[in-house]
Protein chains: 4
Amino acid sequence: MCERMEKLKEECGVFGIFDRKNEHNVNGAVYSALYALQHRGQESCGIAVCEEGNISYHRDLGLVNEVFTPEMMARLPQNGQMAIGHCRYAPAGKPRRSDAQPMYIRHINGSMALAFNGALTNGAKLRKRFEMEGGIFHTTTDAEAIAYTIINQRLKHDSLEAAVSAAMEELEGAYSIVVMNHEKMVAVRDPHGFRPLCLGKSGEADLIASESCAVDAIDGAFVRDIKPGEIVVIDSEGVHSDESHCGQEGGLCVFEYVYFARPDSVIDGASVHLARRRAGAFLALEHPVQADVVIGAPDSGLDAALGYAQQSGIPYGIGFLKNKYIGRTFIQPNQKQRENTVRIKLNPIAATVKGKRVVLVDDSIVRGTTSLKIVKLLREAGATEVHFRASSPAFLYPCYFGTDVPRREDLIAVNNTVEEIAREIGVDSLGFLSVESVKKIAGGCTCGLCTGCFTGEYPVPAPKQEDVNQ
Amino acid sequence: MCERMEKLKEECGVFGIFDRKNEHNVNGAVYSALYALQHRGQESCGIAVCEEGNISYHRDLGLVNEVFTPEMMARLPQNGQMAIGHCRYAPAGKPRRSDAQPMYIRHINGSMALAFNGALTNGAKLRKRFEMEGGIFHTTTDAEAIAYTIINQRLKHDSLEAAVSAAMEELEGAYSIVVMNHEKMVAVRDPHGFRPLCLGKSGEADLIASESCAVDAIDGAFVRDIKPGEIVVIDSEGVHSDESHCGQEGGLCVFEYVYFARPDSVIDGASVHLARRRAGAFLALEHPVQADVVIGAPDSGLDAALGYAQQSGIPYGIGFLKNKYIGRTFIQPNQKQRENTVRIKLNPIAATVKGKRVVLVDDSIVRGTTSLKIVKLLREAGATEVHFRASSPAFLYPCYFGTDVPRREDLIAVNNTVEEIAREIGVDSLGFLSVESVKKIAGGCTCGLCTGCFTGEYPVPAPKQEDVNQ
Amino acid sequence: MCERMEKLKEECGVFGIFDRKNEHNVNGAVYSALYALQHRGQESCGIAVCEEGNISYHRDLGLVNEVFTPEMMARLPQNGQMAIGHCRYAPAGKPRRSDAQPMYIRHINGSMALAFNGALTNGAKLRKRFEMEGGIFHTTTDAEAIAYTIINQRLKHDSLEAAVSAAMEELEGAYSIVVMNHEKMVAVRDPHGFRPLCLGKSGEADLIASESCAVDAIDGAFVRDIKPGEIVVIDSEGVHSDESHCGQEGGLCVFEYVYFARPDSVIDGASVHLARRRAGAFLALEHPVQADVVIGAPDSGLDAALGYAQQSGIPYGIGFLKNKYIGRTFIQPNQKQRENTVRIKLNPIAATVKGKRVVLVDDSIVRGTTSLKIVKLLREAGATEVHFRASSPAFLYPCYFGTDVPRREDLIAVNNTVEEIAREIGVDSLGFLSVESVKKIAGGCTCGLCTGCFTGEYPVPAPKQEDVNQ
Amino acid sequence: MCERMEKLKEECGVFGIFDRKNEHNVNGAVYSALYALQHRGQESCGIAVCEEGNISYHRDLGLVNEVFTPEMMARLPQNGQMAIGHCRYAPAGKPRRSDAQPMYIRHINGSMALAFNGALTNGAKLRKRFEMEGGIFHTTTDAEAIAYTIINQRLKHDSLEAAVSAAMEELEGAYSIVVMNHEKMVAVRDPHGFRPLCLGKSGEADLIASESCAVDAIDGAFVRDIKPGEIVVIDSEGVHSDESHCGQEGGLCVFEYVYFARPDSVIDGASVHLARRRAGAFLALEHPVQADVVIGAPDSGLDAALGYAQQSGIPYGIGFLKNKYIGRTFIQPNQKQRENTVRIKLNPIAATVKGKRVVLVDDSIVRGTTSLKIVKLLREAGATEVHFRASSPAFLYPCYFGTDVPRREDLIAVNNTVEEIAREIGVDSLGFLSVESVKKIAGGCTCGLCTGCFTGEYPVPAPKQEDVNQ
């Protein structure tokens, strides 16, 4: 699959750096890290930097290199000791510039910047409570509800970390947060660990990142994952940990391994690339087929395709050329050519598929429309058979924890049998990875997994609709 | 290898559409085609369109989607019958906006637009002759010398194609050209066929393209390659061919197969993807090694790596994550992080290489600096051995036909033995594909190949330096 | 005077339209009105529009035509019934995009957009109070403190206008505000009337504007000034007025007549152009001189110069050519030419001044540096004598009500006698308008005037420094 | 009048600097000078700079500050010894980027950059001749025909100035040219002197400019006008003059005094401001009227209005506020407000005109549509009578020398009597300056004047239509 419309969306990536000895240009570090996390959110991004206790920020709609031009980078304070960054997908509807993060707020105890990845299950409820007390909101985001919760606790507690700890009693759902005030940085991962968060180091500087690939990007060293429920405080003296909220059932989103995270990242002890290859291998065991070549749908199906090929013994092939210049601003010139869009982006390599029985591996099928187009391309390029293998189970249930699973009526698997879907997308056979197997792909993972979108069973009770923001 | 600085540069891509029955938005077709040819030139691009005999154009520095914004597309005439397009690398030095193509000229016989891929070996000589006759030049390009040559012949001949044919007697070197006047389009490929050029069809519209992938991009059908020396005339009545200059020794640049062309293209009867896999297979035969995994340097080494793996029986692996968001405007924030650039772009996947003996396949080694960095990344990620295999021979000689081979003193293979290079880039072993083998990779190719950059033997005598433009 | 640095800055302009019968494109109306109010604030601007009860907005740093490109205008809802707009100067320091108005807030009672001109004398005090109650602030502006005050009252009162009325008990200082919720628009002017605000009509649509010139700009009809302390409510039924806060001492800023307002505006019954001509006439009476020509410093001194000429009988002349193309992005190429900047902007017309005794009229002298340059230009152009006349008294005291009077140490008149200033700026004589006269320039003005920056006497007690925002 | 559509257009401004001792940043000097000449051409502009014999350039559509951003200025060579600049109106039709100047050409004798103001009467004829000889054209401009003419002569003569001198035998019409090669700068004014050109000095640097205001803008000193027919050569040794083409009948365009030139310029010995005041005075003598106030249409009618007031004894008034923020990108939001455009740009000051008999002075009436709108505004603002006075005669004939006089059928005076025009634009009386008087406005002018657009009599025979470019 190649069209963004067809793919599930992750909601965000966060990053923080505390540069104790002023070894780094912290803005530059966040910039590079956000580049590495860009796959987690492409609608807006932002950087907040703290120089001598003063926080400045810039955020806007656009990719990192669109928002942070050299001119804009030059306008940020150049000698910051701390900085945090964020990249974002809007959960639904039009992206709004005012919803971009990091959120910046001023308060009696000073200023604070906050970057958040996840989704609250009681966001609307919290918002309503603060509004009844006279609070005003500038955005529609859970991030602002979180900021209110922390700030209200801050009035009753004498440190930022104590306020965060108290706020955790009120926040429900998925949240990986980095927050910074004039002197310290606090990172927290919700007690179920829905979204990843890790700790890194570069020289004497401490790093917080959604994924380890961001630590790599600035040549830092991965230190460890932050535990579900853990609060990490980074200040001039070092890194402190509060595990008083730890110990609950783990619920790391399995789709981080299947699709969201970058394959070079390692999350909660398990390699994403390896998890995908294992998914492919399980697929080969569960849905074997006689074929001549195994290809992946670029880019998300490549690793699983390799795993399928290795397990099955069918040769791995490179089936498509993906146009690397097609960006967000690609315009479809006119109606006549609208239907062919997919071929500008993805052209089959006939030398690989012509006259062959092809196994096509992709991470999932959401609506099925793009799968249909890709299969058609393969047939036109001469494939004699096309066997589709999805490296995850079929989506059947909503996600309340930050993944943009479409409404049930749009999920092809809700109202169709596997055979019907196969017919719909025009393949000779179709196989989804089983729920049992998807639970096993992340070998060595130290955190329990949430597979709620496949099973309807979540680590926490599903929320009432009116309590969820928007 | 991943850094553009390190890669050889192709000089251009050309495209033309003659939309006999007004089935297409010709601007949109060129736009999509240039997207597909973007790999052939990323510094500037342009579109010239002919509507009711009047030619309009726009061209500028930048990628296709940067130059042709929706606003700019809307400003072009919307009902053209013909259009041509061009994307370009400057051969050396700073890119100049005024050198962007298509070249547009006005003349006594009307207007003309011209797009050119290649390099003349007598460009400066021609220019000097025209200047002595009172001509003035606005650019430094061979394209302008070609325009002068054609126009001067046009004064003596009564059709554009006759002028082109006569001009061919004067033009020396590599040229694939599409030229359009108020009523017809003429395409020509030099008698040795240094650069590719093919014919396609979309409905009743005829297409000319540097590579077949551009025909695919607009859902057209590939018709045939244009022969070395062939002149193709497209007008309201159909497609006409003049083969009077055909029959000379073929000299298609072998590097089109090794690196320049897109793997989904088929050139002169041979699949580029297959040629690369064959190059990998020959490499495995010529330079076998005991190893655990074969990986390719993204993206140009992937096909050859697969060929090496299949021939050798060593498993194919995915060794790197290439950041797909790193564009031309990526800025390196500060000196401290400059050295790490490569890792923002390319991060090794430890799960693939850790504790493994790795065969790393790339298309070539030019200066060696990027190879060194990539090898270092693999070692840091835990590779126990790294064996480098280049899917082409070592560069030893200049190219006069449109490839930007560096000066001899910058070519690592000129002054170093293979062992010295291996030491320099830090690998356990190194193997280049032999000249004999590279000549065989394009199985079924209907055109002879030029391998001059490896052997110093060209299909035509090497030119005197003062005759070459710039 | 011509350099912005040298001029006092007004802080804002506001505008609102309630288009009862959908006769207008309300966005377009605000756009045109903001153009007419651009002189009141050039750093940022914004438009908020209400379509079927939903409020959308856009705001950014830049001039109206920079922020509201055709693309941006097209993105706003196209069928709004109400809209408000704002243009702004930041009171000090760097302009911040997040401080741009209209302020938009979400609350339990719905959304609201607010545009504010003025300055609170208890802004910081209010902010502190709300922060102690758990409120969080996104900006440093008084506008946000006002929004909090209104919203907190809204929880206790059952209409927006009742909340505004109650909020007035808490707000101190200068404020002209337009606020809009999903169904109505409320405009209010502080009880002293420091800043102007008027009511207009265009067809059935009601208009609110800082100055009557904005009403003219959309071909509307001026209706009347809003009284100091008056609350005007505009809803689907019509225009309602609440005068319960009226009746206090008037304090309209006299500098609105001298410099801030546009000469074609009429404020509180007095023509700005006429006020300036009267200022010039008073000047001629108070500081007569033997001279050959009276010229004004473009553009702010022209009207007063004409008044001086008419009163004195000395011919009026056009002394300078002001370059109308010099915009905000004019860059001073290098150090060598830095000093000549003034001449690129303002060139003396020798034909007017050569060999003449010149009376130069400008609105005021703040620091004196630009006056010095202009006088020098006149001398170089051949003026034999230069007599400077300022159409306002010398600045001696701070302004707490929205005018950016520099710190006392930067005011030339604080530490220098008139003779010393004359020497400093190189003139043969110098005269400031007297305080008595400046009070009389706005003949027919229905509101008392504040002349505190000249006298230190304000309509309300000067605030404590810590209570003022920033 | 205030709308560009209604005004005649000048075609260009030129500037050159030869910085013998490297005292200046020559790019910056040209930038400032083009700012001062911006009124002569607002569609495109360009700078060419020569550093150590190499010429670089940049040119584009847009105003000086739009084209020459700080980034673009930084990209030009920073140590040039010579530079030339140009700003331009296209004579008709859409502006084309490729037609922007300075024209840059490469030739056997090196490179050359050329800036041209004027219009040839044999441009098309020359072009045809060169095309027949094999020349190719990139543009539609006379500038390219001039370049060809000079270059062809350069092949036969051994210096640039000799080539220019020989070229003058072939060029017919109006031309003020600055041309620069690797070592010298040559300026030439056609033998009739249709367009102005002057010489200045700044330190040791020599300057060439269309108007003296450009010399002023960089704080240079005006030296003298270049004579009609004079060739000025500036090289490392100094300034040389060749007057061999001098002595023909003078034909400086009288409209330079009436409208085109900046009032602070002095052309051929006569002050533009004074010429306009004299035009106003003659008007008062020729067309007296009983009235209460004389106002000018901003900005072009202000000087003449002052002259009328002084001669007639009727008080001078400031009748309009012109919005100085209305730029080229002002968009007219929707149909409903289209008609009101004029009021956004120009608002009458009621305090000046209400209840008054008003004399309105403007430079000319072309089509009459804008005059109609302005008169209407005055009536709505309460003027009891409006008497229109045009400070030039009525346009009756075409201009072949660089002024964009509309086609005869669009000239209101061709088919209407003065009374009919008065009725058309709604005034109580109307008077045009007589041809006899307009010839006398430039008192002291050292050059004969062309008044062909009023009289049909030109200093040279009117050309055949087919010989004129476009």
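## Basis of the description

A residue is called buried when its relative accessible area is under 20%, exposed when it is over 50%, and partly exposed in between (1.4 Å probe, protein chains only). Helices (H or I, at least four residues) and strands (E, at least two) are DSSP runs, numbered from the N terminus.

The model is predicted: local features need pLDDT of at least 70, side-chain atom pairs count only at pLDDT 80 or more, and totals for chains, interfaces and linings use all residues. Residues are numbered from 1 along each chain as its sequence is written, chains are lettered from A and ligands numbered from 1 in the order in which they are written, and side-chain values use heavy atoms, with hydrogens and water left out.

## Strand 6 of chain D and its partners

Strand 6 (residues 110-120) of chain D is largely enclosed by the rest of the structure, because ten of its eleven residues are buried. Two strands are said to pair if DSSP finds at least two bridges between them. Strand 5 (residues 103-107) of chain D runs antiparallel to strand 6 of chain D and is joined to it by five bridges; Tyr104(D) has Ala113(D) as its bridge partner. These two strands form a hairpin, with two residues between them.

Strand 6 of chain D also pairs with strand 7 (residues 173-180) of chain D, in the antiparallel sense and over eight bridges. Here Leu114(D) has Val179(D) in strand 7 of chain D as its bridge partner.

## The parallel sheet of chain B

Chain B contains an open sheet of four strands in the order 17-20-21-22, with parallel pairing. Strand 17 (293-296) and strand 22 (429-432) of chain B stand at the edges; each has a single partner strand, so one side of each is left without a neighbour in the sheet. The twist from one strand to the next averages 20°. Four bridges connect strand 17 of chain B in the parallel sense to strand 20 (residues 357-362) of chain B, and Val294(B) stands opposite Val359(B) in strand 20 of chain B.

Helix 9 (residues 272-286) of chain B touches strand 20, strand 21 (385-390) and strand 22 of chain B, and its direction makes about 125° with that of strand 22 of chain B. Helix 14 (residues 369-380) of chain B touches strand 17, strand 20 and strand 21 of chain B, and its direction makes about 150° with that of strand 21 of chain B. For these angles, axes are lines fitted to C-alpha atoms (for helices over the stretch in contact), and angles run from 0 to 180 degrees between N-to-C directions.

Helix 6 (residues 160-168) of chain A is mostly covered, with seven of its nine residues buried. Among them are Leu160(A), Val164(A) and Met168(A). The covering elements include strand 6 (110-120), helix 5 (142-154) and strand 7 (173-180) of chain A.

In chain B, Arg189(B) lies in strand 8 (residues 185-189) and is buried, with a relative accessible area of 0%.

## Aromatic pairs and charges over rings

Rings of Phe, Tyr and Trp (its six-membered ring) pair if their centres lie within 6.5 Å; planes under 30 degrees apart count as stacked, over 60 as edge-to-face and the rest as tilted. The count comes to 58 aromatic pairs over all chains. Tyr400(A) and Tyr458(A) have ring centres 5.5 Å apart and planes at 70°, so the pair is edge-to-face. The two residues are 58 residues apart: Tyr400(A) is in the loop between strand 21 (385-390) and helix 15 (418-425) of chain A, and Tyr458(A) is in the segment after helix 17 (452-455) of chain A. Tyr458(A) is buried, with a relative accessible area of 17%.

In chain C, the rings of Phe130(C) and Tyr148(C) are stacked, because their centres are 5.2 Å apart and their planes are at 25°. This pair links helix 4 (residues 123-132) of chain C, which holds Phe130(C), to helix 5 (residues 142-154) of chain C, which holds Tyr148(C). Both residues are buried. A charge sits over a ring if NZ of Lys or CZ of Arg is within 6 Å of the ring centre and within 35 degrees of the ring normal. The charged end of Arg127(A) sits in this way over the ring of Phe137(A), 4.4 Å from its centre.

Conventions
Contact means heavy atoms within 4.5 Å.
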